[in-house]
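Please look through the structure below with care, following the report that comes after it section by section.

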Amino acid sequence: MLILENVVWLLVLIGVMILVHELGHYWVARYFDVRIETFSFGFGPRLWGFRRGETDFRISLIPFGGYVKMAGEQAGDQVADDPRSFLGKPRWQRLAIAFAGPMMNVLLAVALLTGLFMYKYPKPMDASHSAVVGHVAPGSPAERAGVREGDRIVQFEDQVNPTWDAVAIKEFSNANRPLRLVLDRHGRRIETHITPRLSERTGIGYAGWSQQAEIQVSEVVAGMPAEKAGLRRGDLLVRIDGKPIRSLLSFHDEVRASGGKPVVLEFMRDGQLQSLTIQPVFQEAEKRWMIGVAADHRIVYEPLPFTQALAQSVHHNIRGATLIYEFLRGIVARRMSARSIDGPIRIAQLSGDAAREGAYTFIHLMAAVSLNLAIINLLPIPVLDGGVILMLLVEMLLRRDLSMPVKEAVFKFGFVFLLMIMAFVIYNDITKMIVPAG
């Protein structure tokens, strides 16, 4: 039942993405008076639809995708004399049509986050976002580099006074590469290098440090010791066995290191300091001791006026695009593993989880997926919009059309390459489900 629910929410998620993306192609093509033969949600055989004017609007059998078929768009179409065909239009117009789909997904991502931030904007309690180290894992690259708790990162590679988000992006996308690190320790400047190692589980770089921040319970797992002891969502974690909780890693490490012995957890609730004794349980799937708590940095929510919400939305999307770019570059440079890529099975899980958390979380995921879809579609891979854009740019430089056999060969190569990528990400999702996450 849970799997079916995840699939339903995945279809809702990608349905909006597909509709908005294809509407971008459709509207711009109509603006330039291109004859549109088909507007399809999905691929394969036609299940249902209607005809309006010269366009067949349809729902097809395979719902994972969609397309707008324009006259003369595909290699081999015999429409050389049709002024309303795709190939009959100037190259700059064809370029605009190809670019319109990804652009609509970017606009959707910006619009969704703007609306969310006007409702409530997640503002971390540490307003300065300074990159202060709150925990260093024993034996980690950070410890070997001489990093200590309380150090402030004042320079990381070429970034001066980076935010922790910027530090994380560099860390994730630069496995096995020495990175210049400058620390401030009680007013003393310390220069060193840190080399994140490649995590086999996640496929990204791991340094073994975490940000100093207030930690708050974001979820209590039903039936687990934390729930039975009375811990609640929103409780602010203060100490565990008398040790201050200054980061997520320090909290989880203390639970893991308990060896099954009861831990005393002190927390703030409604302004009052309280404590509970919780007995961890060993989870075979995770291979570690757990109490059943998901925690995150303490965040307060506040509504923003439209202009500020729009500015924050643009900022978040630029940061998201930068992260995607760094991930792709890291994979190409072999500083990250392709295992870090999520496919449709994983996205279905995320869709179901987000929907169960509520509309705010689901819409936030929708914005992230929309941005990802835009960037992936702009990659210079034949069949995708980026491949069409690349070929048009080449033709504009050559000042002539590429031959039909060349276009057909490129299209076939792109189709096979895309199938290989899809097979890989699905296999990747399955192996992540089989191999324990801990």
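## A salt bridge within a helix

In this predicted model, the side chains of Arg256 and Asp253 meet in a salt bridge, with N and O 3.1 Å apart. Because Arg256 and Asp253 lie three residues apart in helix α6 (residues 248-256), about one helical turn separates them. An α-helix has 3.6 residues a turn, so residues three or four places apart point the same way. Arg256 has a relative accessible area of 35% and is partly exposed, and Asp253, at 23%, is partly exposed as well.

## Other salt bridges

The whole structure holds 18 salt bridges. One of them joins Asp33 to Arg84, whose closest N and O atoms are 3.2 Å apart. This pair links distant parts of the chain, since Asp33 sits in the loop between α1 and β1 (36-52), while Arg84, 51 residues away, sits in the loop between β2 (55-70) and α2 (91-119). Asp33 is partly exposed, at 39% relative accessibility, and Arg84 is partly exposed at 26%.

A further salt bridge connects the side chains of Glu191 and Arg189 (3.6 Å, N to O), and both of these residues are exposed.

## Helix α8 and its buried side

Helix α8 (residues 344-357) has 14 residues and reaches 20 Å from its first C-alpha to its last. Its buried residues are Ala348, Ser351, Gly352, Ala354 and Ala355. They cover an arc of only 165 degrees around the axis, and therefore they lie on the same side of α8. These buried residues pack against α1 (2-31) and α9 (359-377).

Ser370 belongs to helix α9, and with 0% relative accessibility it counts as buried. Leaving aside neighbours within four places in sequence, Ser370 is in contact with Met17, Asn105, Leu108 and Ala109.

Conventions. Residues numbered from 1 in each chain as written. Predicted model: local features only at pLDDT ≥ 70, side-chain atom pairs only at ≥ 80, totals over all residues. Heavy atoms only, no water. Helix = DSSP H or I, 4+ residues; strand = E, 2+ residues; numbered from the N terminus. Expected span 1.5 Å × (residues − 1). Buried < 20%, exposed > 50% of the residue type's maximum accessible area, 1.4 Å probe, protein only. Arc of directions from axis to C-beta. Contact = heavy atoms within 4.5 Å. Salt bridge = Lys/Arg side-chain N within 4 Å of Asp/Glu carboxyl O.
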